Amino acid sequence: MRLLLTTALCVVSLLGCNHDKPKPETKISSQLRVAETFGAMNAKPSLMVHQHVKGQNVYVECILSGFSFSTESGFLQITVDGKPFKEMKQAAFVLSDLPKGSHTVTIELMKSKEESYQVRNTFTVEII
């Protein structure tokens with residue numbers, strides 16, 4: 001009997017707490033959510049590149065917005081001094097064993113081998 005009474009008191013007190021839930025202070029309308037989702041889907045991808053030279057290697061980190069390797073098909077086409085160098089399907093990579101001298105590196109986001117997103121970044125590195 002004591003156990004039954006204790007259980008009943010716990011249930012009643014828990015149910016009483018259910019009515020005092022705090023309400024959110026801001027409301028986002030469903031139209032705004034749809035607009036944000038639609039805008040994100042139609043946004044042109046952009047590319048920002050950070051690079052660091054160490055020895056004969058160039059460590060590259062690409063920051064892509066409006067594009068994801070996991071959900072979209074495409075890749076990064078890397079050219080060094082105007083010649084195709086690598087195709088990458090990841091945002092961070094190393095260009096290894098570049099010869100000494102100045103090199104122009106271009107990274108372009110491609111939809112396929114023939115079609116580009118028209119998003120590219122070019123930078124120059126000096127291998128000593």
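Q: What does the secondary structure of the chain come to?
A: This is a predicted model. The chain has 2 helices and 7 strands.

Q: In what order do the elements run from the N terminus?
A: The order is α-α-β-β-β-β-β-β-β.

Q: How do strand 6 and strand 7 pair?
A: Strand 6 and strand 7 are antiparallel, with 10 bridges between them. A hairpin of 5 residues joins strand 6 to strand 7.

Q: Which residue is the bridge partner of Val105?
A: Val105 has Phe123, in strand 7, as its bridge partner.

Q: And where is Ser112 found?
A: Ser112 sits in the loop between strand 6 (101-110) and strand 7. Its relative accessibility is 26%, so Ser112 counts as partly exposed.

Q: How far is Ser112 from Leu76, C-alpha to C-alpha?
A: The separation is 9.8 Å, for two residues that are 36 residues apart along the chain.

Q: Switching to aromatics. How many aromatic pairs does the structure hold?
A: There are 2 aromatic pairs. In one of them, Phe67 and Phe69 have ring centres 5.2 Å apart and planes at 90°, so that pair is edge-to-face.

Q: Is Phe67 buried or exposed?
A: Phe67 counts as buried, because its relative accessibility is 8% and the cut-off for buried is under 20%. Phe69 has a relative accessible area of 22% and is partly exposed.

Q: What about the rings of Phe67 and Tyr117?
A: Their centres are 5.5 Å apart and the planes make an angle of 70°, so Phe67 and Tyr117 are also edge-to-face.

Q: Which parts of the chain does that pair link?
A: Distant ones: Phe67 is in the loop between strand 2 (57-65) and strand 3 (75-80), while Tyr117 is in strand 7 (residues 116-127), 50 residues apart.

Q: Tyr117, buried or exposed?
A: Tyr117 counts as buried, at 17% relative accessibility.

Q: Which residues do the ring pairs link into a cluster?
A: The cluster consists of Phe67, Phe69 and Tyr117.

Q: Now the whole chain. What share of the residues is buried?
A: Of the 128 residues in the chain, 26% are buried.

Q: And what share of the contacts is between residues 24 or more positions apart?
A: Such residues account for 48% of the contacts with a separation of 6 or more.

Q: What does the accessible surface come to?
A: About 9,600 Å² for the chain, and carbon and sulfur atoms hold 58% of that surface.

Terms used. Residues numbered from 1 in each chain as written. Predicted model: local features only at pLDDT ≥ 70, side-chain atom pairs only at ≥ 80, totals over all residues. Heavy atoms only, no water. Phe/Tyr/Trp six-rings, centres within 6.5 Å; stacked < 30°, edge-to-face > 60°. Buried < 20%, exposed > 50% of the residue type's maximum accessible area, 1.4 Å probe, protein only. Helix = DSSP H or I, 4+ residues; strand = E, 2+ residues; numbered from the N terminus. Pairing = 2+ DSSP bridges. Contact = heavy atoms within 4.5 Å. Areas by Shrake-Rupley, 256 points an atom, 1.4 Å probe, with all protein chains shown as cover.
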